[in-house]
Amino acid sequence: MEARHGSSSGSSSSSSERSGVAPLDHPNELSLPEGRYSYKMIKGQPVEVIVSELRRRKVATWGRKDQLASRLYGALKAEGRALNKEESAIADAELGLDDIGTVGLGSSSDSDWEGGSEADAAAVAAGELASSKMLAENPLLALQSSLAGRFLTELNQERLISNFSSLQLYFLWGATAPNGIKLSTTCLARTAKGVWLFECGEDAQRHLSQIQSISWGKLERIFVSSLAADNIAGLPGMLCTISAAREKGHEAADTPLHVYGPPGLAEYINAMLSVSRTYLEMPVIIHEFSTGPIPEDQLDQLVQVNPRARLYVTRLPPDQLNPEGYYDGEMRPLLSRHTRKRSHSGIDERAGTLPMALPEPGDPSRTGLTVAELSWTLRMDHEWLVRVFPLRNKQPAFGYLMQEAHRAGKLYAKQAQQLGLQLGEDCYRLKMGQPVQTADGRWVEPSQCVGPVRRGRRVAFVGSCLDASGFAQAVAAVDAAASSSSGGGSSTRDSSSSSSNDGRGSPHSKRPVVDILVHAMSPPVGAPPGTPSTAAAAAAGAAAAAMNAKELVLWQRQASFAETPDGCDEAFPAQAIEAARDSMGSNYVSLGGCYWCYNPERDPEPAEWPEEWGDQAPVTV
């Protein structure tokens with residue numbers, strides 16, 4: 001098919017010279033003729049031609065033909081070689097291309113979408129796919145793919161701002177490298193009850209102030225992976241800003257702020273606040289991960305290190321050496337012990353949250369353990385655990401796993417009524433896993449009208465390190481233990497601590513272990529000379545594969561990255577993403593800071609009782 005030449009350049013220079021696109025490496029390489037194109041013209045070209053043009057522009061070449069055509073149309077639009085909406089309609093009609101569907105969107109936020117299938121147009125409106133305008137503003141979006149990544153549009157803004165799914169991830173960034181990579185100082189996790197920060201780089205509080213959907217009063221916990229400057233430089237300023245938001249009389253004025261990290265974190269924070277003679281409105285409790293046992297009389301004891309700044313410090317022993325087996329970090333007991341404010345929030349049993357598997361009690365006298373075999377379990381509340389595992393690095397570093405509790409399956413009312421049950425208390429008991437007796441004396445088991453247990457979501461965070469393979473193996477072992485003990489009793493224990501001590505390499509099934517893995521995309525400071533620039537991205541992909549992660553987010557946290565050769569190399573983003581994809585074996589790799597937020601949702605449930613279930617629902621998580 002010949003392309004319609006909407007306008008000629010009239011210049012002796014080639015379009016590749018004008019647009020910056022690399023010239024053809026071989027004279028016979030497939031390419032589009034000179035001229036301007038509509039989306040339908042591009043879609044009518046052989047797929048080989050479209051792929052060749054995308055490769056020359058270093059744009060992703062995976063996906064359906066309509067997706068490839070949309071990417072190329074966006075690239076040509078940025079080069080001034082795309083027909084606008086009116087010109088496209090005239091040209092397409094003359095060429096008889098009306099059979100290739102185009103969908104126009106009504107919302108103003110997506111009015112720039114000019115072409116594509118109905119599915120793609122709906123995805124743009126829902127914020128799941130980048131529009132042509134977004135691709136023109138950030139060409140790196142064409143290289144990425146995400147299951148949970150969302151853009152803010154008129155159609156989904158109410159759902160996203162209200163945090164309907166009760167879990168969102170944001171990347172706080174304020175600078176951009178010359179090649180377009182966002183430099184994110186902090187990753188923020190927003191749950192139904194609070195806000196947690198992972199890392200706290202310089203100027204993080206200013207970046208956080210730009211997200212209007214986040215309440216400063218709900219900032220409860222900060223997790224630091226290591227004492228590298230990129231991780232902790234913004235901590236003093238963040239504490240002061242949170243304190244200012246919780247001025248005297250505020251409902252959260254006395255709610256403690258919890259900071260977790262390696263040994264030495266309390267000394268750093270105390271030094272910074274002591275020199276500046278800072279007063280903080282709320283108490284700050286610093287939890288340092290100890291690799292040795294803690295005397296029983298000192299467990300859960302807070303030591304005040306700075307009365308003016310209201311700083312307290314406590315040391316947390318590993319699960320293997322903890323006589324309790326885990327650390328209870330729930331707000332309610334801490335509020336009643338260490339502050340004036342008391343919480344009256346209870347547990348809504350109607351949500352169907354199931355008890356979480358907790359480690360068995362440890363033995364403080366145990367010897368012979370290596371640091372790589374240790375783990376820390378922090379029970380935040382009845383819905384969330386945070387697992388902590390060491391990373392191999394020159395300075396102490398830790399990776400974090402957010403682990404949500406499983407939930408009881410959906411109750412199918414019609415199925416229950418067909419079994420002779422009355423809606424009400426009987427259904428509640430069935431949903432909580434208890435059998436119920438009907439009026440005629442028959443016993444109905446929960447599996448006869450309640451769907452399978454809904455798996456809790458998991459998000460893993462790995463900072464700059466030399467190797468995260470041990471972390472990946474530990475996460476896989478914990479998931480296997482938690483799944484085998486899910487759904488029973490008022491309190492469950494797992495054997496992950498003991499099993500991890502024996503190598504922590506138990507194989508896991510092919511079902512997803514982690515929904516999102518957030519991994520640093522640059523080698524740590526002090527990495528061996530000659531380390532390839534894409535080594536960290538490849539290692540991130542390997543860790544994601546070991547955890548069978550649904551998707552991987554490459555996180556660039558180093559502020560100095562913008563001045564490095566990789567930060568100035570326009571080819572580096574594509575190379576890093578490709579290296580991660582090759583190691584992971586999946587296309588779902590994205591760069592932190594490019595999406596408005598990540599919104600991982602629970603697996604959907606059938607609206608009606610499926611016929612293939614027969615008389616009993618599956619029991620697997």
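A salt bridge here is a side-chain nitrogen of Lys or Arg within 4 Å of a carboxyl oxygen of Asp or Glu. I am working on a predicted model.

**Entry 1: Arg 407 and Glu 383**

I looked up Arg 407 and found a salt bridge with Glu 383, the closest N and O atoms being 2.7 Å apart. Arg 407 sits in the loop between β14 (398-404) and α14 (413-418), and Glu 383 in the loop between β12 and β13 (384-390), so the pair ties together parts that are 24 residues apart in sequence. I then checked accessibility. Arg 407 has a relative accessible area of 14%, so I noted this residue as buried. Glu 383 also goes down as buried, because its relative accessibility is 12%.

**Entry 2: the whole structure**

I searched the whole structure for salt bridges and recorded 16. Side chains of opposite charge can pair when their charged atoms come close. I followed up some of the cases below.

**Entry 3: Asp 328 and Arg 379**

The side chains of Asp 328 and Arg 379 form a salt bridge, with an N to O distance of 3.7 Å. I located Asp 328 in strand β10 (residues 327-328) and Arg 379 in strand β12 (residues 376-379); the pair links distant parts of the chain, 51 residues apart. Are these residues buried or exposed? Asp 328 is partly exposed, at a relative accessible area of 26%. Arg 379 counts as buried because its relative accessibility is 17%, and the cut-off for buried is under 20%.

**Entry 4: Asp 467 and Arg 392**

I found a salt bridge between Asp 467 and Arg 392, with the closest N and O atoms 3.8 Å apart. Asp 467 is in the loop between β17 (458-462) and α16 (469-484), while Arg 392 is in the loop between β13 and β14. The two residues are 75 residues apart, and the pair links distant parts of the chain. For accessibility I wrote down 29% for Asp 467, which means partly exposed, and 51% for Arg 392, which means exposed.

**Entry 5: a network**

I also noted a network of salt bridges that links Glu 53, Arg 56, Arg 57 and Glu 79.

**Entry 6: Arg 36**

Where is Arg 36? I placed Arg 36 in the loop between α1 (15-19) and α2 (39-43). I then listed contacts of the side chain. The side chain of Arg 36 makes a polar contact with the side chain of Glu 87 at 2.7 Å. The Arg 36 side chain also reaches the backbone oxygen of Ala 82, at 3.3 Å.

Conventions:
Residues numbered from 1 in each chain as written. Predicted model: local features only at pLDDT ≥ 70, side-chain atom pairs only at ≥ 80, totals over all residues. Heavy atoms only, no water. Helix = DSSP H or I, 4+ residues; strand = E, 2+ residues; numbered from the N terminus. Polar contact = N/O pair within 3.5 Å; in protein donor to acceptor, adjacent residues only side chain to side chain. Buried < 20%, exposed > 50% of the residue type's maximum accessible area, 1.4 Å probe, protein only.
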